[in-house]
Amino acid sequence: MLHKLIYGIVLALTLGLILFLNGNIHIPNNPLPPMGKFLNPFGGAWTSDTRNEKGGIDLENMHGLKDKVEIIYDERRVAHIFAQNLEDALFAQGYAEAQNRLFQMEFLAKAAAGELSSLFGDKTIEIDLEKRRRGMKYAAENATKGWEKTEDYNSAYRYIDGVNAYINSLSPKDYPLEFKLFNLQPEAWTPLKSALVFKQMSLTLAGRNDDIENTNLLYHLGKEDFGYLYPERQSVENPVIPTEKPFAQDSLYGSKQDDKAFYNQPVLKAFFENRNKGIGSNSWGVHGSKTATGKPIFCNDPHLSLGLPSIWFEVHIHTPELNAYGVSFPGFPGIMIGFNEHIAWGETNVGQDVEDMFVIQWANKEKTKYLLDGKEMDVTFRVEEIKVKGQKSIIDTVKYTRWGPIYHTSNDGRHDMAMRWICHDIPDAGEYNVFIDAMKCKNYDDYLEATGTYSSPAQNFGFASVSGDIALRVNGRFPAKYGQDGRFVENGDVSANDWQAWIPRIQNPQIINPKRGFISSANQVSADKSYPYYFTGKFERYRNRSVNAKLEAMDHISVADMQKMQSDTYSHKASDFIAHMKTMIQAPALHPNEQQKWNLLTDWNYEYKAALEAPVLFDIFYKKLAENTWDEIKALGQNMDVNYPEDWRLLEVIKTDPNNKYFDMTATPAQEKAGDVVLLSLKEAIAEFDSRKSQGKGNTWGEYKPLHIYHLTRVPAFSAMNIAADGCPDAINATGYSFGPSWRMVISLEDKIKAYAVYPGGQSGNPASNFIKI
């Protein structure tokens with residue numbers, strides 16, 4: 001009997017172990033995959049290899065194809081698609097992107113929808129809640145409503161059919177490694193998922209505002225000081241569309257906002273997620289009159305989040321009607337940045353604020369009714385179920401108003417705010433086809449028409465052609481605003497406070513063949529002060545100076561010149577500050593060690609090279625200078641959201657108003673002026689710089705601010721960390737933390753186009769692949 005009992009116990013333990021290893025028995029908060037499945041030599045991680053990464057694919061037997069289709073992979077795993085018609089080509093694009101990036105596509109869709117907790121458990125609940133409250137899925141649903149109005153809607157959706165064809169061809173042993181790691185099964189791709197991927201990019205590029213910060217600052221500083229410290233325009237600017245003549249429109253749309261629309265109370269800290277300022281992108285095109293070949297050169301250099309795999313997918317699409325090459329955004333059809341036999345095109349972010357916050361006046365204590373134009377309005381409830389791996393689902397009910405979802409909440413309900421975001425709106429019919437139609441264009445008229453239905457996120461659409469044209473348009477849908485409409489939180493009890501009209505597309509700033517011989521955009525302001533409509537946002541102030549100054553000075557420009565320029569690390573910000581500091585810092589005020597460090601800055605060439613120490617010292621100095629100058633504003637930030645004045649404005653005030661009251665530090669009995677604060681900040685920066693060195697911390701720029709390229713899942717073994725990289729956000733070679741040049745392209749539009757490109761991350765999404773590279 002004993003041996004039978006022992007046998008029974010062993011059998012039970014063995015069966016239990018088998019069930020556990022295969023995921024049939026679940027341990028709460030256990031991050032590991034079912035290890036039996038994961039380590040299975042016949043269908044686990046070992047079979048997620050690179051055996052299918054070579055050669056080509058013949059798709060002619062796939063359901064629904066009209067003719068023969070081939071996908072040929074070259075030595076860098078770039079997909080070259082050859083089809084006899086556009087529908088089949090889009091099918092093949094979907095198939096190739098799924099074959100190489102299926103987990104990335106699924107991850108981005110889940111991230112946008114607020115569904116990451118189904119993968120990662122409770123670690124991502126707050127991220128998912130933020131996406132639900134922001135209305136990301138609502139935005140994607142509205143996007144599909146607009147796309148469905150497209151005339152050739154079914155043809156364009158052949159891309160989605162291609163994704164699903166690849167998914168349906170998989171057996172569990174073929175699943176990408178990450179699916180096995182998280183014990184997932186690929187699900188069918190849908191138009192909604194493509195919309196979610198697109199809205200995730202929209203969030204990155206157009207998902208921010210400073211309404212709360214500006215409202216708080218205006219309240220506490222007063223109108224005069226706020227206007228002085230936070231001007232929106234510089235005295236000298238280099239707008240995206242150069243000033244050749246003042247803007248003059250036959251008729252204007254919209255109406256000026258009543259100042260009573262602005263909410264005039266401070267907003268204390270509450271649930272609100274804002275986004276840090278990105279570091280932007282560069283694009284320029286040079287007319288043939290300035291090039292060595294007499295033909296245009298077009299360059300595009302988007303600086304976005306660097307990841308493994310890359311956010312882009314390099315692809316070549318050939319049919320009898322088009323022959324296009326460039327990069328797509330996995331999950332979305334067409335080529336977003338690229339060229340064909342006639343033209344080259346690319347984009348940079350506009351940066352205008354298209355996201356406004358409205359304070360809701362609740363009509364009952366349950367917060368189910370709100371006031372609008374003197375009437376009680378019912379909120380719409382959207383019940384959001386957040387599935388959490390290893391736990392019960394979380395139910396979060398989001399309230400929607402006329403303006404959009406309630407996004408900012410406060411304990412007392414006095415500052416509950418709804419978000420009016422342009423990316424929630426139903427887009428124009430045809431937006432889904434913009435980057436498909438761009439591939440077919442032969443001239444600028446074609447390109448204007450093809451991209452004329454693009455809505456958001458707004459982009460600067462650059463263009464150049466073999467026929468000799470260069471052009472640039474600020475493209476997208478913009479509300480017609482005046483005054484400072486959209487800069488502050490507004491009262492949400494009056495419908496007239498909403499956007500009243502749209503700027504007609506023809507009135508968006510644009511130019512073709514400018515007199516100066518080049519176009520350029522580096523996320524600076526869109527147009528000069530003569531442009532009649534108001535816009536606010538986050539605009540770049542230094543990179544555009546570098547781009548324009550170099551292009552103005554150059555002649556007989558070659559491709560090599562452009563490639564070198566894209567890697568330029570010079571900072572006008574550092575140059576401007578240190579040049580003026582030289583007039584303020586006197587040698588007797590410094591100790592010998594301090595003088596040595598000061599010499600390190602004054603002898604610096606303002607290049608942000610990874611091996612240099614001067615950029616580190618300047619970075620520490622500027623942070624000290626801002627904190628010491630804006631100590632009053634820093635104190636406000638303990639209880640509410642605020643921003644410091646921009647760096648260029650700080651330097652202007654130092655130069656023109658050195659006795660300004662804000663230089664007086666509240667924590668000291670003395671009455672400081674600009675020179676005192678600059679000297680103190682320099683001394684503090686030197687002390688911190690020396691302290692870092694004594695602690696064994698690296699003081700080169702590459703050690704101080706290394707670049708991190710994360711895998712989507714943040715798994716360290718799949719990521720590339722602590723890369724010593726040249727560049728900074730203020731340089732043409734704009735890098736910072738995990739941002740940098742995500743795709744670098746130089747196109748010489750000669751009779752036979754010559755194209756050069758590079759991007760980090762490689763083609764494959766498989767962490768074990770030879771085609772995922774830094």
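**Close-up 1. The aromatic pair of W630 and Y662 in the predicted model.** W630 is buried, as is Y662, where buried means under 20% relative accessible area with a 1.4 Å probe and protein chains only. Their ring centres are 6.3 Å apart and their planes meet at 55°, so the pair is tilted; rings of Phe, Tyr and Trp (its six-membered ring) pair if their centres lie within 6.5 Å, with planes under 30 degrees apart counted as stacked, over 60 as edge-to-face and the rest as tilted.

This is a predicted model, in which local features need pLDDT of at least 70 and side-chain atom pairs count only at pLDDT 80 or more, while totals for chains, interfaces and linings use all residues. Residues are numbered from 1 along each chain as its sequence is written, and side-chain values use heavy atoms, with hydrogens and water left out.

**Close-up 2. The aromatic pair of Y710 and Y737.** This pair is also tilted, at 6.2 Å centre to centre and 45° between the planes. Y710 is buried, with a relative accessible area of 15%.

**Close-up 3. R402 and W403.** The charged end of R402 sits over the ring of W403, 5.1 Å from the ring centre.

Note on methods
Buried means under 20% relative accessible area, exposed over 50%, partly exposed in between (1.4 Å probe, protein chains only). A charge sits over a ring if NZ of Lys or CZ of Arg is within 6 Å of the ring centre and within 35 degrees of the ring normal.
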